[in-house]
2 protein chains.
Amino acid sequence: MSSHGFASHNHNACISNGVAAAEAACLASGLKLTAQRKRVLEILLAEHRAMGAYDILEVLRADGQPAQPPVAYRALAFLVENGFAHKVERLNAFVACAHPGEEHAPGFLICRMCKAVAEAPIAPLRRALHKSAALSGFAVEHVAIEALGLCPNCTDRQTI
Amino acid sequence: MSSHGFASHNHNACISNGVAAAEAACLASGLKLTAQRKRVLEILLAEHRAMGAYDILEVLRADGQPAQPPVAYRALAFLVENGFAHKVERLNAFVACAHPGEEHAPGFLICRMCKAVAEAPIAPLRRALHKSAALSGFAVEHVAIEALGLCPNCTDRQTI
DNA sequence: CCCATTCTGTTATATTATAACACAGTCGTT
DNA sequence: AACGACTGTGTTATAATATAACAGAATGGG
């Protein structure tokens, strides 16, 4: 069990489901989920936290490979470009996508205590921002919405 | 003239107004706008773009000082903490606040062509996000909303 | 099989950011 | 004025994040 959307759940399924979704999506669109890309996705799926590229490198090296930074960055670039992972700008770190396959652009709730990251439902906010920006002539292409705060678990733990 | 909120305007006033606002705010709250902090604010105000810490360092060095990275980062930390500037996470860069004094947390419209940055009116989005996050028990403390796209000027310039 | 393209391995380096510590300035108290 | 506490500055060094560049291997279409 781990935290996902800040609710406890059976975590084993996350990894296999996430990989399966990516494999299906790649098959459908002619992308190649190579061994390295798949491995990096698994590493991200194994945590519901943002991991830095160098955190991922450590895991790859623990696998026995003498991986250099570009190995991690390339795999991450592929995963992010194709919607299997997202970059959390605030943390210079990466998370596996919580809704692979679904068309969406993410908003994040980032716990400042435990670093857990949940994807928030923000489609309406996104639409509002597009609309509001359009009024001033700005054409929005990509939106990052990231909230820092306390997740339910850490709020409870706080005995202030 | 320069771009501000993507509209052209008399830019000279920006610098003096921005510095004056910061001086007034510091006086009111017992903060010290030292020479370095003021200089960095001026540098930021002189552009309506995000500047990296090392861009600022270059300008400081051009002033004749042999400034080291902590000089820039310390001044920027002061300015950001006290609302005279904001960090644009997406760019690892900093902009002068466009509404000094007013209580606000910013949303940014970042032009991917010319790197101009405008503060967008996003109070409603922010409230919606707080509310939506609260539903899942997450207590939002800080929100970053950053949209990447094309500003009006660059949209016009695009002859696609 | 051959070629073009994509992916990988590797070295090197660029960019962004902070730790740590000695010293200078400020300010309130004596 | 002397002291001490605190805050700010100057400086060296290093950490953390990210990319350029290029050679070679793998893949896939013709």
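## A helix pair in chain B

Let's start with two packed helices: in chain B, helix H3 (residues 53–62) and H4(B) pack at an angle of about 115°, and their axes are 9 Å apart. That makes H3(B) roughly perpendicular to H4(B), a label for angles of 65 to 115 degrees, while under 35 counts as roughly parallel, over 145 as roughly antiparallel and the rest as oblique. The axes here are lines fitted to C-alpha atoms, for helices over the stretch in contact, and the angles run from 0 to 180 degrees between N-to-C directions. Helices (H or I, at least four residues) and strands (E, at least two) are DSSP runs, numbered from the N terminus.

Who touches whom? On the H3(B) side we find B:Ala53, B:Ile56, B:Leu57 and B:Leu60, and H4(B) answers with B:Pro69, B:Val71, B:Ala72, B:Tyr73 and B:Leu76. Being in contact means that two C-beta atoms, placed from the backbone, lie within 7 Å. Sorted by class, this contact has nine nonpolar, no polar and no charged residues. For the classes, Ala, Val, Leu, Ile, Met, Phe, Trp, Tyr, Cys and Pro count as nonpolar, Asp, Glu, Lys and Arg as charged, and the others, Gly among them, as polar.

## A word on the model

This is a predicted model, where local features need pLDDT of at least 70 and side-chain atom pairs count only at pLDDT 80 or more, while totals for chains, interfaces and linings use all residues. Residues are numbered from 1 along each chain as its sequence is written, and chains are lettered from A and ligands numbered from 1 in the order in which they are written.

## Helix pairs in chain A

Now look at chain A, where the axes of H3(A) and H4(A) come within 9 Å and cross at roughly 115°. That makes H3(A) roughly perpendicular to H4(A), and their crossing is right-handed. A:Ala53, A:Ile56, A:Leu57 and A:Leu60 of H3(A) make the contact with A:Pro69, A:Val71, A:Ala72, A:Tyr73 and A:Leu76 of H4(A). The class count reads nine nonpolar, no polar and no charged.

Another pair is helix H1 (residues 12–29) and helix H2 (residues 35–45) of chain A, with axes that come within 9 Å and cross at roughly 145°. H1(A) also passes H2(A) in a right-handed crossing. From H1(A), A:Cys14, A:Ile15, A:Gly18, A:Val19 and A:Ala22 meet A:Lys38, A:Leu41, A:Glu42 and A:Leu45 in H2(A). This contact divides into six nonpolar, one polar and two charged residues.

## How the two chains meet

Chain A and chain B each put 32 residues into their contact. On the chain A side, helix H5 (123–135), strand S7 (139–150) and helix H6 (152–157) each supply at least two residues. S7(A) has the largest share, twelve residues. By class, the side of chain A that touches chain B divides into 21 nonpolar, seven polar and four charged.

How are the two copies related?

## Around the DNA

DNA strand C has 16 residues around it, and A:Thr34, A:Gln68, A:Pro70, B:Pro69 and B:Asn92 come nearest. Here a residue is near a strand if its C-beta atom, placed from the backbone, lies within 6 Å of it. H4(A) gives the most to this surface, with four residues, and the surface near DNA strand C has nine nonpolar, five polar and two charged residues.

DNA strand D also has 16 residues around it, with A:Pro69, A:Asn92, B:Thr34, B:Gln68 and B:Pro70 coming nearest. The elements giving two or more residues to this surface are H3 and H4 of chain A together with H4 of chain B. The largest share, four residues, comes from H4(B).

Notes: A crossing is left-handed if the near helix is turned anticlockwise from the far one by less than a right angle, and right-handed if clockwise.
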